[in-house]
Every structure is written in C-alpha cells, then in structure tokens.
Amino acid sequence: MGPRAGTFRPVIPNHYMIRHLRIEPNLVLAPMEGVTDLTFRRLVRSIGAVGLTVTEFIAGEALRRGIPKAEMMARFDPDEHPVAIQIYGRNPEAMAEAARAIEDAGADIVDLNFGCPSKKVCAHSGGSSLLREPELARQIVKSVRAAVKIPLTVKMRSGYDAGLRNAPYIGRMCQEEGVEALAIHWRTRTDQYGGVRAVDKIAETKSRVKIPVVGNGDIVDIASARAMFRDTGVDGIMIGRGAIKNPWVFKQIHAQLLGLPEVVVDADEKRKVLLRYFEGIRAEFKTDRGVLGRMKKIANYFTHGLPHGSELRVAFLHAQTIDDAIGHTNRYFDWLCEEEIKRGRPFAHTAVPVHDLPVGADQSAAWAAQRDRAST
Ligand SMILES: Cc1cc2nc3c(=O)[nH]c(=O)nc-3n(C[C@H](O)[C@H](O)[C@H](O)COP(=O)(O)O)c2cc1C
C-alpha cells in the first residue's frame with residue numbers, strides 16, 4: 001500500500017525527537033516479552049546503532065504494587081539511555097501509579113501498550129483490546145499524562161480487526177491527550193502475526209499527527225527498512241523479531257542508510273555474541289531450567305538464516321543441560337568458522353544464497369562427523 005498524498009518524504013530521516021530526547025539513529029528495539037530483558041537489551045546496545053530500547057511489557061498493576069518480578073523487568077542500566085519502560089493495563093489509576101514509579105526510577109519514557117494481541121492481556125488487562133475501547137484508552141492516557149512529567153509514548157497495532165483499522169483515530173486522540181510519539185505495528189489484533197502487509201494506516205496516522213510516528217512490522221534488513229520509510233513517511237522504524245534473529249540488524253541498516261561500508265559479521269563474532277548472551281542470562285536467571293528455556297528461545301530465532309542453522313536449532317531443542325547447549329553451539333560454530341575459512345568470506349546472517357552452501361546431506365554428515373570427533 002502506498003502512502004496518502006503528501007506523506008511521502010524522499011529523504012530518509014536519521015533521527016527524531018521525543019520532546020528533548022534525540023532518538024538517533026532512529027532505529028528502535030521493539031518491546032518483546034520474554035526477550036527484551038536487561039540482558040538482551042545490553043547485547044543489542046553493545047553491538048550498536050540502536051537509538052532507543054524498550055522493556056518487555058509489564059503489568060501496571062504489578063508495578064504499582066511493587067511486585068518483585070515487575071520491578072526486575074523494569075530495571076535498566078545506568079548508561080541505558082534513552083530507555084522506555086512499557087506498561088499495560090486497563091485501570092487508569094493503576095497505570096498512573098506505575099508510571100510514577102517508572103519516572104522515579106529515572107527512566108526516560110513511559111510507553112503504553114495498546115497493541116498486545118494475546119487473549120490473556122486483552123481479556124483482563126488492555127493491550128490491543130483498548131483499540132475497541134477508545135474512551136477507556138483516552139482515560140488511561142489522561143491519567144498517566146497527569147501523573148508524570150517525562151515523555152509518554154504509545155505502541156499500538158493498526159487496528160483491532162479488518163473492520164476497525166482505527167490507528168489514525170487513536171493516534172489523534174493520543175496526541176490530543178499529550179502522548180509524544182507513537183509506534184505502530186501494521187498488523188491488526190486479529191492478524192496476530194499473519195496477514196498481508198498493509199502499512200497504509202501507518203502512513204495515514206503519520207499524515208494526521210504532528211508527533212513522531214515509528215513504523216513496525218517485519219523489518220529485517222535494509223530493503224524492508226527502506227520500504228517502511230518510503231511507504232509511510234515515518235520518522236523512525238522499530239525492529240523486533242529481526243533483531244533476535246540478527247542483533248546486528250540495526251548496525252547493518254544504519255551503515256547502509258549512511259552509505260557506509262556493509263557490516264559483515266563472521267562466524268566467530270556470532271559465536272562470541274551468542275555465548276556472551278548465554279553468560280548474561282546465566283547470571284540473571286535463578287534456575288538452570290529458566291536459563292535453558294531462554295537459551296532455546298533465543299537460539300530458535302538466532303539460528304534462522306545461518307547455514308544449517310536448523311541443525312543447531314534441533315540440537316538445542318534436545319539439549320537437556322546448559323552445558324549441552326553450549327557444547328552444541330561451540331561445535332556448530334567450529335564448523336561454520338572452518339567453512340568460512342574455506343570459502344574465504346563470512347556467510348551473511350540473514351540471506352544465505354543457496355548456491356553458496358554445501359549440499360545439505362553432505363554437510364550434515366560432515367558436521368555430524370565433526371560433532372562425533374569433538375565428543376570423543
Ligand atoms: C516474543 C514476542 C514478544 C512480544 N512482546 C511484546 C511486548 O511485550 N510489548 C509490545 O508492545 N509488543 C510485543 N511484541 C510485538 C513486537 O513489539 C512487534 O510489534 C512485533 O513483533 C512486530 O514487529 P517485528 O515484525 O519486527 O517482530 C512481541 C513480539 C514477540 C515476537
């Protein structure tokens with residue numbers, strides 16, 4: 001879908017402002033429950049080119065009551081700025097109190113979740129169900145706005161369903177009530193994670209509000225990043241799953257937008273980053289089961305787009321212990337490093353041209369042999 005007349009901006013911006021906060025580069029790490037905890041955000045920041053990070057969503061009610069898990073989720077590093085803490089809920093007073101706690105903790109931005117499609121969140125706690133209840137959404141925004149001085153932002157979907165694609169209306173309402181930036185995922189709630197790309201409501205919202213609008217949904221590389229800017233005229237873009245699969249995606253997009261040399265990441269660097277992340281979660285989680293579960297979750301994304309990544313994925317799935325999983329990681333990357341030495345250049349993380357790969361079955365056998373050698 002193309003932009004509405006007048007929204008097209010030929011030059012891709014490199015930053016946007018949320019009041020006094022300069023978001024530069026204008027590339028935002030999307031909030032992701034069970035993913036964008038402190039450890040993951042540290043990892044992405046350490047790689048670079050992310051202008052704003054957002055926590056996973058946190059129940060406003062839990063934060064208001066000082067539930068330790070909610071407070072853990074709201075932590076950020078002293079040098080993690082700007083950072084937004086995202087809350088969800090449908091009780092305006094509880095949301096306001098949670099926002100006050102966020103402000104007191106020194107965060108830069110309170111972000112409200114009007115986008116979560118999960119049944120649990122929609123049934124009891126807001127998320128995208130608020131798109132069907134604009135008056136309640138307004139009350140929540142008003143209440144939070146009155147409670148804090150720091151900037152307030154909202155993340156939402158383009159609508160509730162095909163019959164209610166009301167992001168432009170909600171966006172206007174948010175602006176009227178003092179919200180200072182919007183992030184919009186092009187899908188509706190009923191699209192869940194499917195649907196056919198339709199960014200027209202992002203473009204329309206952008207054309208109807210003065211506050212910055214950030215486009216979100218399926219951005220994984222420079223082509224999809226450029227397409228979001230081009231088709232909607234947004235001020236920035238937000239990346240979720242693409243960053244789990246490839247945490248270098250911000251750096252790669254940033255470099256390409258600036259016309260800098262391509263950012264190429266070799267197997268050794270990928271291994272180091274993955275292992276560093278595993279160490280990080282080991283330090284954070286209380287139980288080995290929790291650590292292994294999170295390792296599996298991240299590896300499930302990270303291995304997509306790696307040559308024979310599915311084999312590492314399967315190995316991870318069957319790993320019984322953390323050491324098992326680390327062993328699989330090392331053996332896989334030993335093999336990948338050797339392959340890169342043989343071919344004389346790294347494999348791309350995202351798109352691996354099939355003709356560049358060894359034949360699957362042969363390579364599986366080679367890798368299995370190497371695995372056997374390593375385990376003897
Ligand atoms: C595992 C997972 C957890 C998510 N959790 C949140 C969340 O806590 N808050 C939120 O606003 N969106 C959440 N989302 C939605 C993402 O922020 C984003 O809008 C969506 O994944 C589309 O962007 P992408 O195609 O770049 O992944 C989550 C998505 C995923 C995949």
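What follows is a conversation about a predicted model of a protein chain with a ligand.

Visitor: How many helices and strands are there in the chain, and what share of its residues count as buried?
Guide: Happy to start there. The chain has 16 helices and 11 strands. Its length is 376 residues, and the share that count as buried is 56%.

Visitor: Among contacts between residues at least 6 apart in sequence, what percentage join residues at least 24 apart?
Guide: Contact here means heavy atoms within 4.5 Å. Counting pairs at least 6 apart in sequence, those joining residues at least 24 apart make up 71%.

Visitor: What part of the accessible surface of the chain belongs to carbon and sulfur atoms?
Guide: The accessible surface of the chain comes to about 16,200 Å². The part belonging to carbon and sulfur atoms is 53%.

Visitor: Let's turn to the ligand. Which residues are closest to the ligand?
Guide: The ligand is surrounded by 18 residues. They divide into 7 nonpolar, 6 polar and 5 charged. The closest are E33, Q86, N216, D218 and R241.

Visitor: What is the distance from a backbone N or O atom of D218 to an oxygen atom of the ligand?
Guide: Let's take the backbone partners in turn. A polar backbone atom of F57 is 3.0 Å from an oxygen atom of the ligand, and a backbone N or O atom of P31 lies 2.7 Å from one. For D218, the distance from a backbone N or O atom to a ligand oxygen is 2.6 Å.

Visitor: How much of the ligand's accessible area does the protein cover?
Guide: On its own, the ligand has 610 Å² of accessible area. Of that, the protein covers 91%.

Visitor: Where are the cis peptide bonds from E24 to P25 and from H81 to P82, and what is omega near?
Guide: P25 is found in the loop between β2 (21-23) and β3 (27-29), while P82 is in the loop between α3 (68-73) and β6 (83-88). For the bond from E24 to P25, omega is near -5°. For the bond from H81 to P82, omega is also near -5°.

Visitor: H308 has a positive phi; is H308 buried or exposed?
Guide: Phi of H308 is near 55°, although H308 is not a glycine. H308 lies in the loop between α13 (288-302) and α14 (309-318). Its relative accessible area is 15%. Because buried means under 20%, H308 is buried.

Visitor: And R19, why does R19 count as partly exposed?
Guide: R19 sits in the loop between β1 (16-18) and β2, and its phi is positive too, at about 55°, in a residue that is not a glycine. R19 counts as partly exposed because its relative accessibility is 43%.

Visitor: Which residues is A348 in contact with, leaving aside its neighbours within four places in sequence?
Guide: A348 is found in the loop between α15 (322-343) and α16 (360-375), and is partly exposed at 39% relative accessibility. Setting aside neighbours within four places, the contacts of A348 are K270 and G305.

Note on methods:
Residues are numbered from 1 along each chain as its sequence is written. This is a predicted model: local features need pLDDT of at least 70, side-chain atom pairs count only at pLDDT 80 or more; totals for chains, interfaces and linings use all residues. Side-chain values use heavy atoms; hydrogens and water are left out. A residue is near a molecule or strand if one of its heavy atoms lies within 4 Å of it. A polar contact is a pair of N or O atoms within 3.5 Å; within protein, one must be able to donate a hydrogen and the other to accept it, and residues adjacent in sequence count only if both atoms are side-chain atoms. Accessible areas come from the Shrake-Rupley method with a 1.4 Å probe; for residues, only the protein chains shown count as cover. Ala, Val, Leu, Ile, Met, Phe, Trp, Tyr, Cys and Pro count as nonpolar, Asp, Glu, Lys and Arg as charged, and the others, Gly among them, as polar. Helices (H or I, at least four residues) and strands (E, at least two) are DSSP runs, numbered from the N terminus. Buried means under 20% relative accessible area, exposed over 50%, partly exposed in between (1.4 Å probe, protein chains only).
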